[in-house]
Amino acid sequence: MKLLRTALEKGRRHAYWIAGGTGLVIAAGMVAVADDTPTQGYAEDSGWWSPGDDRVFPERLSIRNNFGSIGIVNADGPIETKGHPFFEPIGGNGRACVTCHQPADGFSLSLETIQQRWADTNGQDPLFDPVDGANCPNLPQGDPESHSMLLEHGLIRIGFPWPYKERFDPWSAEEPEFTIEVVRDPTGCNTDPEYGLNSDNPQISVYRRPRPTTNLRYIVDPSYNLSGRFNNKTGVPLPVDPKTGAHTALPIMSDGRADTLEQQLADALRIHMAGSIDDLSPETVQQIINFESQIYSAQDFHNVAGSLTEPGGPPALGPEALRDGRSIINGNNWRSVTFLDFEAWRTDEPKDEQEAFRASVARGNDLFLERPIWISEVTGFNSIGMGNPYKRTCVICHSVHMTGNDFAPGVMDLGVNNKPWADAGYVLDNTHLPLFKLTCREDVPPHPFAGRVVYTHDPGRALLTGLCHDIGSLVMQPMRNMASRAPYFSNGTAKSLEDVIDYYDARFDMKLTEQERQDLINFLSVL
Amino acid sequence: MHRVNWKALIAAVAGSAISQAAATEESVTTERAPATQRNFVTCPIVMDTLDVPCWVAEYEGERYYLTVQTGRGGGSEVYPFSPMLGHEVLVEGTISDEPRICGGIVLRDAKLSPMQDVTPGCGKVVPGEGYRTKGSRPIIPDGDPPGDRVNTAIPQPPPAVSREELAAQYRADVEARAQREWLVPYFFDSNYLPFPAEQRTVDEAARYAAEIGASRVEIVGYRGATILSEGGRVVEKAGIAQARAEKIADIFEFFEVPREKLAVSWNEEPEHSNGIRDYEKRRVTIRVVP
């Protein structure tokens, strides 16, 4: 904790300037002046990127955050944001892709940024559009209470028709295998006469964090799967990209409902941006996909650890490592472990605070790779023949080399949505979330660990498939840029890196020592 | 699952219980699995052994070894489906005279089927009692750790037929447009295709049918039963044979084998082998006709 407090204090004093191409670093105390040359970046607060801004997105930039700075590589070179469809409002409500995928926040949105934006615009930014930026679309606009899920927890409302009108895919239930009752409705939307489950157009509202649109080569590659044409978790075929014929691995979006980036764009236009992909030319669509596919980002400076990209340092740190790294490699193997090694930082006799912190990170990586955990009651993991429990280490699940998402396609249920696992150790703050009671029919397979009656804050993939088995399951997120984009987990219930570690500690009864806990926190903060 | 306890039924109904046995899947049977077999339903136990955990079960005062922790994948084709705490497990196997493992009698050709329903409190984690076991996957990442350490996993025995030979045979059959058959096994009451073996079996069959332009694919689903060591039987749920066959057919259609070429049928009558490898009756057969 002492190291973390020190880091935050230093963060307020540091500023530095990186000249792209030369790698020159000018240390704290100097005021950074951004050169107009497009290839150079600056590590100040880059501020909010508004739709329609006339700016240059450089080839390389660093943006300050509480832990140091995030580094971003725009691999195809600098672009003018004016006229670029990722940065232009392409729907009907003034939002652009960048509205919810801000560079400073690892191309997601941090709670801090959301709150600052509210203050700067008095709640008038398109980010707060009532369609999903409010707790419910019909609440009074401009009132912070109407937007508490976004303002206090970083959550966007996602509404699903319920029950669904048609099967999501050939493996979904013709009709849902369960009924849904609202047990608790803090936002009022699920019991609302216009937007709730008993309305004329019944829907269920859940609240989720925006996912990062960066480092996508490590997420979306069509070769991303273990067992060829099958989803090795569910035992049914993987979806097929209609354009390429390649099987996709369900890695996009929290519930895997988009098979391709184009489908994700279409979904976002429809439900977030009051638009339609039909209004975009194929070239415009491709321009958006091309841009987000070549953005690489990671923490590149840490207030205590210092530069994360210095020569001879840990090879997996910084955005250049992601730009140059090999994608779709299994990180659960010593040949290519997820975040490679931290040997350059390992020491038993640190000379100063920086060395002590770096050594702590190295130990954190050791824990990530080798600290045994009894992993239990995770649907999509323990339920597929691994055994319940299964004794292994963090990397068995956080196994995509360089990013730490799941190398096996599909969804899993860590427990952050379903009771009682969501309450493990009472670490996570979930009292603001809706609570649903799902009752599975007697003639269908039950949820493997919750049984036939499941209390959940978010049914997850089950809202698409109607399968009891899928209740609460979601796609695992990558581990990069955590320093930039609190809060964490799909429902934002982990407010800090400490919460993340404490939840796992409680959930899997890890019995971490205080040193181990801090080592893991420090490890997460440099990724 | 329909489970009939023969002893309980006889005790509950005086006199003529056997003579009144009805001809349904829940009928009383005087059958019991041969003494060489152990077929039973129980709560599993996982022992915190080194190098990897060891799964055992207790039945009539005796401990039986089930499996070591393996995982899925890692280069081999067939893995036991490890039990799950919170679920009963159907154990089916032949008593072996091999040395005990984790203090348990080894069952040869064992099949482990976690029961689908959640049974709270079923099973437990216990200390390792000093036993040591190695599995096909280590606790830490696969492969050789850095430095002087070695990978503690035990390599899997090579398959009877290598992948290269199988691939060569496959190509030869495609060339010859030969008729081929596949068998897909299942766990009790399950319609799930685990990774890797069962998924690869169905994948290969569907790929073959598409490659040779099959004129017909015959898919037949079956429903199983298991004769228990204590007497009585457990019978798979009604409809499972149909569900299995239709799911395989759906998969073939997804892989672009036209539906009109699929001849799908099922046998709802539960089958068993008198307590010896009854699990082999839980299956789908696939025949690809050129």
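Strand E14 (residues 435–440) of chain A and E15(A) run antiparallel and are joined by 4 bridges. In this pairing Phe436(A) stands opposite Thr456(A) in E15(A). The model is predicted, so this description and what follows refer to computed coordinates.

The two strands belong to an open sheet of 3 strands in chain A, ordered E8-E14-E15, with antiparallel pairing. Strand E8 (178–184) and strand E15 (453–456) of chain A are at the edges; each has a single partner strand, so one side of each is left without a neighbour in the sheet. From one strand to the next, the twist averages 20 degrees.

## A four-stranded sheet in chain A

Chain A also has an open sheet of 4 strands in the order E4-E5-E10-E11, and its pairing is antiparallel. Here the edges are taken by strand E4 (60–65) and strand E11 (306–307) of chain A, and because each has a single partner strand, one side of each is left without a neighbour in the sheet.

Within this sheet, strand E5 (residues 68–74) of chain A runs antiparallel to strand E10 (residues 295–302) of chain A, and 7 bridges join them. Ser69(A) is placed opposite Phe301(A) in E10(A).

## Contact between the chains

For the complex, the predictor gives an ipTM of 0.89 and a pTM of 0.90. The contact between the chains involves 34 residues from chain A and 36 residues from chain B. On the side of chain A that touches chain B, helix H10 (353–370) and strand E13 (390–392) of chain A each supply at least two residues. The largest share of that side, 3 residues, comes from E13(A). Sorted by class, the side of chain A that touches chain B has 17 nonpolar, 12 polar and 5 charged residues.

## Chain B overall

Chain B contains 4 helices and 13 strands. Of its 290 residues, 40% count as buried. Among contacts in chain B between residues at least 6 apart in sequence, 72% join residues at least 24 apart.

The mean pLDDT of chain B is 88, and 88% of its residues reach 70 or more. Over residues 2–27 of chain B, however, the pLDDT is below 50; this stretch has 27 contacts in the model beyond near neighbours in sequence. Where pLDDT is low, predicted coordinates should not be read in detail.

## Two domains in chain B

Chain B is divided into domain 1 (31–133) and domain 2 (163–289). The centres of domain 1 and domain 2 of chain B, taken over C-alpha atoms, are separated by 26 Å. Contact between these domains involves 20 residues of domain 1 of chain B and 22 residues of domain 2 of chain B.

On the side of domain 1 of chain B that touches domain 2 of chain B, the elements giving two or more residues are strand E2 (37–42), strand E6 (89–95) and strand E7 (105–114) of chain B. E2(B) provides the largest share of that side, 5 residues. By class, the side of domain 1 of chain B that touches domain 2 of chain B has 7 nonpolar, 5 polar and 8 charged residues.

## Strand E3 of chain B and its partners

Strand E3 (residues 45–51) of chain B pairs with strand E4 (residues 54–59) of chain B in the antiparallel sense over 3 bridges. A hairpin through 2 residues joins E3(B) to E4(B), and Met47(B) stands opposite Cys54(B) in E4(B).

E3(B) also pairs with strand E8 (residues 124–133) of chain B, in the parallel sense and over 6 bridges. Asp51(B) stands opposite Thr133(B) in E8(B).

## Leu193 of chain B

Leu193(B) lies in the loop between strand E9 (180–185) and helix H3 (197–212) of chain B. Leu193(B) counts as buried because it has 27 C-beta neighbours inside 10 Å, and the cut-off for that class is 20 or more.

Leaving aside residues up to four places away in sequence, Leu193(B) touches Gly235(A), Glu198(B), Gln199(B) and Val202(B). Leu193(B) and Arg244(B) are 51 residues apart in sequence, and their C-alpha atoms are 9.8 Å apart in space.

Terms used:
Residues are numbered from 1 along each chain as its sequence is written. Chains are lettered from A and ligands numbered from 1 in the order in which they are written. This is a predicted model: local features need pLDDT of at least 70, side-chain atom pairs count only at pLDDT 80 or more; totals for chains, interfaces and linings use all residues. Two residues are in contact if their C-beta atoms, placed from the backbone, lie within 7 Å. Ala, Val, Leu, Ile, Met, Phe, Trp, Tyr, Cys and Pro count as nonpolar, Asp, Glu, Lys and Arg as charged, and the others, Gly among them, as polar. pLDDT is the predictor's confidence in each residue, from 0 to 100. Two strands pair if DSSP finds at least two bridges between them. A residue is buried if 20 or more other C-beta atoms lie within 10 Å of its own, exposed if 12 or fewer, and partly exposed in between; C-beta atoms are placed from the backbone. Domain bounds come from an automatic or database domain assignment. Axes are lines fitted to C-alpha atoms, for helices over the stretch in contact, and angles run from 0 to 180 degrees between N-to-C directions.
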